[in-house]
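Biologist: I would like to go through this model with you. Could we begin once it is on the screen?

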Amino acid sequence: MQTVIKQLGIKCPLSAFNGALILNEEGVQIYSKPLPLAEAREIVKELNDLTSVTWNIYSDLSWLI
């Protein structure tokens, strides 16, 4: 989303990941509520058992596919 905001020349706060990450107008993180690692691992384990599901991981500002 930051790429699009920059391309449009907009300066605004940003809320991402259903509000789990909030950046101020300068792009500085002002709030973060990450998923605990143990929970993330359990979810990944469950997803790996499914053949009809495509999933992605967001980590900080990175989108891992």
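Biologist: What kind of model is it, and which residues count for local features?
Modeller: It is a predicted model, in which local features need pLDDT of at least 70, side-chain atom pairs count only at pLDDT 80 or more, and totals for chains, interfaces and linings use all residues. Residues are numbered from 1 along each chain as its sequence is written, and side-chain values use heavy atoms, with hydrogens and water left out.

Biologist: What pLDDT does the protein chain average?
Modeller: The average is 87, and 100% of the residues score at least 70; pLDDT is the predictor's confidence in each residue, from 0 to 100.

Biologist: How many bridges join β2 and β3?
Modeller: They pair over 3 bridges in the antiparallel sense. Leu-23 has Gln-29, in β3, as its bridge partner.

Biologist: Now the pockets: what volume has the largest pocket?
Modeller: Its volume is about 600 Å³. On a 1 Å grid over the protein atoms alone, a pocket is an open set of points where a 1.4 Å probe fits, with protein on both sides within 12 Å along at least five of seven lines; lining residues have an atom within 4 Å of a point. Grid points are joined across faces, edges and corners, and a volume is the space filled by probe spheres set on the points.

Biologist: Which of its lining residues are closest to the centre?
Modeller: Of the 21 lining residues, Pro-34, Leu-35, Ile-57, Tyr-58 and Ser-59 are the closest.

Biologist: Which element gives the most to that lining?
Modeller: α2 does, with 6 residues. β3 (29-32), α2 (37-48) and β4 (57-59) each supply at least two.

Biologist: And what about the second largest pocket?
Modeller: The second largest pocket holds about 290 Å³ of space. Its lining has 13 residues, with Met-1, Gln-2, Phe-17, Tyr-58 and Leu-61 nearest the centre.

How values were computed. Helices (H or I, at least four residues) and strands (E, at least two) are DSSP runs, numbered from the N terminus. Two strands pair if DSSP finds at least two bridges between them.
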